[in-house]
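Here's a quick briefing to read with the model open beside you.

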Amino acid sequence: MDETDYIIVGAGSAGCVLADRLTASGRHRVTVLEAGGTDRRFYVQLPLGYGKLFYDPAVNWLYKTEPDPGLNGAQDHWPRGRILGGSSSINAMVWIRGHRADYEDWGRAAPGWGWDECLAAYRALEDNEAGADEFRGTGGPLFISANRTGLHPLVASYVAACGEAGLAENPDFNGARQEGAGIYQMTIKAARRNSAARAFLRPAMKRQNLRVLTRALVTRVLIEGGRAVGVEYRQGGATRVLRARAEVILAGGAINSPQLLQLSGIGPGALLQGLGIPVVRDNPNVGDHLSDHQGLNYTWSMKVPTYNDELRPWWGKLRAGLQYVLGGGGPLSKSINHGGGFFRTRPDLDRPNMQLYFQAFSTLIPRGGERPILTPDPWSGMSIGLSNCRPTSRGHIRLRSPRPEEHPVITANAYSTNTDVEEMLAAVKFVRRIAAQPALAALIKEELRPGPEVVTDEELIADFRARSGTVYHPSCTCRMGQDPEASVVDPGLRVHGVGALRVIDASAFPNIIAGNTNAPSILMGWMGAEKVLADAR
């Protein structure tokens, strides 16, 4: 019978870190099962190539939500990585940890996860190009680009306009404060995407005690006597069993992990019984408390050249390609979000509740099968993206059927609270305020989306309901906490009521982080590995 010490289900942001740290000592044999394939693909490695991955079933789960009343009944497209590196192999590469107070909230929900512990872990895992200080780390396995060179000139205009609008420049969103406008740090190294697979998994794969199985879909966790003893999975048309001598660790993310728990009999009892799945542990929190950031772009045509002018014509593509190949520079070497920021929609808030993304191009004209990042609009365009940091709306993940290959029901419930609607209304008004400042206003030709005719509160709300969508940060569906009646895993990331089974990924967040979720997902893998190893001593 096939056996290993630890089974890791999912080679995403957390799973790659787990594989690296659990095999480092050489004492433990670890097997990673990933439903997708290799990350050695051109558009995965090319930083600006991720628009090509947006609808690619070869690397993407291509999830769809249920029709959402908050989005005018639309079914939102939720891309998630089905590939080594998971969503870190198809994301926009922005490195944001989140606000210090987010982790203080975590620490109250789950002792050991407060700001001091999480900051120490971040500093240990990072190799930040900007250098070490009390907040940044160097010498760790994950290189973080400071992203200070080769920026489009409009970035400086954007930061200046934010300052004119009252949002001061911030040189480091991961430093002493989060609020302000500035440049995003990136998981890019030597002009290539620096995914979790590249930084953690690939080095670990050189070790004899790590085995990585790709195109291996785990169908259920095997539980005997209240303890996880292995998994059943499908690979190459065959159903196989892998036993775990120590633990089974789920690292599939905010959709796959609760789905797999439910397939294994851990979840809402009535739902599982209705699907003919024997109930191992009745826990209605599995798949519940789904949190996600919602966002949209405001877009303008410009009087000055943008990346549209460089990337739209064939000769511009050729030039950009030569810049990249010959010198590792040019627009292809970066993400679309050069700059951004965080702000509060009300002065009485104790921390920012909105995030900005500045893009020196526009992509209003659709292109079949991809997000048209590499073929932007045929005019000089600029966009400012916006997303809410602390939504109060909550959704859930539920099995659609007992068939593992069938996508679960994703109910997002976007903008389902008055708070979320009111905050987004205030936020879109602030975006227009930024664009109206002298540093940008003199460069703008006209507003294209939503357009100057959209002015009243009712029109602005109707617009963001019609155009908003996920910014790809689902989390909290197997949230951690001390109370088994209100959470799925304990502060050690052990599943309540089931032995030798953990969930270590974004689904275990006690609450959603203010910002992009790749960094805290990697943090989960780093700190989760410490907890696994501590219990193995």
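**A glutamate to start with**

Glu224 sits in strand β11 (residues 217-224); strands here are DSSP runs of E with at least two residues, helices are runs of H or I with at least four, and both are numbered from the N terminus. Bear in mind that this is a predicted model, where local features need pLDDT of at least 70, side-chain atom pairs count only at pLDDT 80 or more, and totals for chains, interfaces and linings use all residues. Residues are numbered from 1 along each chain as its sequence is written, and side-chain values use heavy atoms, with hydrogens and water left out.

- Glu224 counts as partly exposed, at 43% relative accessibility. The cut-offs are under 20% relative accessible area for buried, over 50% for exposed and partly exposed in between, using a 1.4 Å probe and protein chains only.
- Leaving aside residues up to four places away in sequence, Glu224 touches Val229 and Arg243; a contact means heavy atoms within 4.5 Å.
- Glu224 and Arg27 are 197 residues apart in sequence, and their C-alpha atoms are 25 Å apart in space.

**Helices that cross**

- Two packed helices are described by the angle between their axes and the distance between the axes. Axes are lines fitted to C-alpha atoms, for helices over the stretch in contact, and the angles run from 0 to 180 degrees between N-to-C directions.
- Helix α11 (residues 418-435) and helix α13 (residues 457-467) have axes that come within 10 Å and cross at roughly 100°.
- That makes α11 and α13 roughly perpendicular to each other. Angles of 65 to 115 degrees get that label, while under 35 is roughly parallel, over 145 roughly antiparallel and the rest oblique.
- On the α11 side, Val421, Met424, Leu425, Val428, Lys429 and Arg432 meet Asp457, Leu460, Ile461, Phe464 and Arg465 of α13.
- The residues of this α11 and α13 contact split into seven nonpolar, no polar and four charged. Nonpolar covers Ala, Val, Leu, Ile, Met, Phe, Trp, Tyr, Cys and Pro; charged covers Asp, Glu, Lys and Arg; the others, Gly among them, are polar.
- α4 and helix α14 (residues 518-536) pack with their axes 10 Å apart, at an angle of about 95°, so α4 and α14 are roughly perpendicular to each other.
- Here Glu117, Cys118, Ala121, Tyr122, Ala124 and Leu125 from α4 meet Ala519, Pro520, Ile522, Leu523, Trp526 and Met527 from α14. By class, the α4 and α14 contact has 11 nonpolar, no polar and one charged residues.

**Aromatic pairs**

- The whole structure has 17 aromatic pairs. Rings of Phe, Tyr and Trp (its six-membered ring) pair if their centres lie within 6.5 Å; planes under 30 degrees apart are stacked, over 60 edge-to-face and the rest tilted.
- Trp95 and Tyr122 make an edge-to-face pair, 6.3 Å centre to centre with 90° between the planes.
- Trp95 is in the loop between β4 (77-78) and α3 (100-109) and Tyr122 is in helix α4 (residues 115-125), so their pair ties together parts that are 27 residues apart in sequence.
- Both Trp95 and Tyr122 are buried.
- The ring centres of Trp106 and Trp113 are 6.2 Å apart and the planes are at 65°, so this pair is edge-to-face. Trp106 is buried at 0% relative accessible area, and Trp113 is buried at 0% relative accessibility.
- One aromatic cluster takes in Trp95, Tyr103, Trp106, Trp113, Trp115, Tyr122 and Phe509.

- Most residues other than glycine have a negative phi, and most peptide bonds are trans.
- Tyr415 is not a glycine, yet has a positive phi of about 50°. Tyr415 lies in the loop between β21 (409-411) and α11, and is buried with a relative accessible area of 4%.
- Leu493, also not a glycine, has a positive phi of about 70°. Its loop runs between β23 (469-470) and β24 (501-503), and Leu493 is buried at 0% relative accessible area.
- Arg449 and Pro450 are joined by a cis peptide bond, with omega about 5°. Pro450 is in the loop between β22 (444-449) and α13.
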